[in-house]
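Biologist: Could you walk me through this one before I look at it in detail?

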Amino acid sequence: MNAEQKNSIHCPECGGRLAATEQLCPHCGATIDATAHEGDNDNRAWRTWVREGDKIKNQWVIAVFAFWITVAVQVVVYFYHGKLNFILNSIAGGMMVLGVWLKIRHGLHMRKEPKKSQ
Ligand SMILES: [Zn+2]
């Protein structure tokens, strides 16, 4: 870890790295409140955990959304052509597996919450 990394913090909004002295995030423009600067290692770990959890949840939502979109398109294709489209089946299957996998990952992630010191 070099000196620059040591003195940097993560933006609570976008997670981007910024100098510990910065008042505004250069990545998303969020105001960095004082607590972010005071954050000790425990809180930093906790924030990283929250951010990581949100990321997995977002990916899960996208996978579920993509699954249902594909299923809806498949229904339309079936309605017009009378047969199921193999590619759409593959995508739907893939999204379902991905969704289940992300759901499991999120569940495992939620179990290992780091303690938050306040
Ligand atoms: Zn930011």
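**Layout, helices and core**

Modeller: Read along the sequence, the pattern of the chain is α-β-β-α-α-α, and its secondary structure comes to 4 helices and 2 strands. Please keep in mind that this is a predicted model.

Biologist: How much of the chain counts as buried?

Modeller: Of the 118 residues of the chain, 11% count as buried.

Biologist: And which residues make up the largest nonpolar core?

Modeller: That core has 5 residues, namely I9, C11, L18, C25 and I32. Setting aside residues up to four places away in sequence, L18 touches I9, C11 and C25, and also S8 and P26.

Biologist: Switching to α4, what does its end-to-end distance say?

Modeller: Helix α4 covers residues 86-111, and at 1.5 Å a residue its 26 residues should span 38 Å, which agrees with the 38 Å between its end C-alpha atoms.

Biologist: Which of its residues are buried?

Modeller: The buried residues of α4 are A92, M95, G99 and L102.

Biologist: What about A63, buried or exposed?

Modeller: A63, which lies in helix α3 (residues 41-81), is buried because 20 other C-beta atoms lie within 10 Å, and 20 or more is what the term requires.

Biologist: Which residues is A63 in contact with, beyond its neighbours in sequence?

Modeller: Leaving out neighbours within four places in sequence, A63 is in contact with M95, L98, G99 and L102, and M95, G99 and L102 are among the buried residues of α4. As for L98, A63 and L98 are 35 residues apart in sequence, yet their C-alpha atoms are 6.6 Å apart in space.

Methods: Residues numbered from 1 in each chain as written. Predicted model: local features only at pLDDT ≥ 70, side-chain atom pairs only at ≥ 80, totals over all residues. Core = buried A, V, L, I, M, F, W, Y, C linked by C-beta atoms within 7 Å. Buried ≥ 20, exposed ≤ 12 C-beta atoms within 10 Å, placed from the backbone. Contact = placed C-beta atoms within 7 Å. Expected span 1.5 Å × (residues − 1).
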